[in-house]
Amino acid sequence: MTSPDKINRMTAKPRLNICITCKASTAESHTDPRHGQQLFDNLQERCGDADLPFDVKPVECLTNCTSGCSVALNGLGKWGYVYGNVDPESMVEDLCELASKYAESEKGIVAWRERPDALRRSVIARIPPLD
Ligand code: FES
């Protein structure tokens, strides 16, 4: 018999982790609230309560602090990805689209040509899934 904990892990949605402590990459464009918090708030507002195929989680620091707003996608059995330089205003819908495609993919791999244009060059790292 499958344990409830194992069932929860099997049905868990992939996660879009947004660093809410990120500042802009240049000192002169420092803002309050920080760009990471703005990105999180804008995504909540603009991608909202729709039945998203992924969860959104605010996190503090992905150790990518010199590359603008940073986010990480991860999920069970999926490759993990860290993205940087995510504009908190102009790239919100692109980020939702990317996270949706990530969630729908079998192993977390979204082909380069399938990614929104604005995020194609923003990958910082990818991390292999746990087997
Ligand atoms: S503060 Fe966002 S990655 Fe460090």
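1. Y81 is buried, and Y83 is buried as well; buried stands for under 20% relative accessible area, exposed for over 50%, and partly exposed for what falls in between, with a 1.4 Å probe and protein chains only. The model is a predicted one, in which local features need pLDDT of at least 70, side-chain atom pairs count only at pLDDT 80 or more, and totals for chains, interfaces and linings use all residues. Residues are numbered from 1 along each chain as its sequence is written, and side-chain values use heavy atoms, with hydrogens and water left out.

2. The structure holds two aromatic pairs. Rings of Phe, Tyr and Trp (its six-membered ring) pair if their centres lie within 6.5 Å; planes under 30 degrees apart are called stacked, over 60 edge-to-face, and the rest tilted. The ring centres of Y81 and Y83 are 6.4 Å apart and the planes meet at 35°, so this pair is tilted. Y81 and Y102 make an edge-to-face pair, with 6.4 Å centre to centre and 85° between the planes. That pair links distant parts of the chain, since Y81 is in strand β4 and Y102 in helix α3, 21 residues apart. Both Y81 and Y102 are buried.

3. Two charged side chains sit over rings. K78 lies over the face of Y102, 5.5 Å from the ring centre. R120 lies over the face of W112, at 4.6 Å from the ring centre. The criterion is that NZ of Lys or CZ of Arg is within 6 Å of the ring centre and within 35 degrees of the ring normal.

4. The chain's secondary structure comes to three helices and five strands, in the order α-β-α-β-β-β-α-β along the sequence. Helices (H or I, at least four residues) and strands (E, at least two) are DSSP runs, numbered from the N terminus. Of the 131 residues, 40% count as buried. Among contacts between residues at least 6 apart in sequence, 66% join residues at least 24 apart; contact means heavy atoms within 4.5 Å. The chain exposes about 7800 Å², of which carbon and sulfur atoms supply 49%, by the Shrake-Rupley method with a 1.4 Å probe; for residues, only the protein chains shown count as cover.

5. Helix α3 has 13 residues, which at 1.5 Å a residue should span 18 Å; its end C-alpha atoms are 19 Å apart, which agrees. The expected span is 1.5 Å times one less than the number of residues. Buried in α3 are V92, L95, C96, L98, A99, S100, Y102 and A103. The cover over these buried residues includes β1, α2 (35-46), β3 and β4.

6. N17 is in strand β1 (residues 15-19) and, at 7% relative accessibility, counts as buried. The side chains of N17 and N74 are joined by a polar contact of 3.3 Å. A polar contact is a pair of N or O atoms within 3.5 Å; within protein, one must be able to donate a hydrogen and the other to accept it, and residues adjacent in sequence count only if both atoms are side-chain atoms. Not counting residues up to four places away in sequence, N17 touches K57, V59, L62, S70, V71, A72 and N74. From N17 to S70 the separation is 53 residues in sequence and 8.7 Å in space, C-alpha to C-alpha.

7. Two backbone angles deserve a check. Most residues other than glycine have a negative phi. C61, not a glycine, has a positive phi of about 70°. C61 lies in the loop between β2 (55-59) and β3 (71-74), and at 37% relative accessibility C61 counts as partly exposed. N85, also not a glycine, has a positive phi of about 55°. N85 is in the loop between β4 (80-83) and α3 (92-104) and, at 44% relative accessibility, counts as partly exposed.

8. S122 lies in the loop between α3 and β5 (123-127); at 8% relative accessibility, S122 counts as buried.
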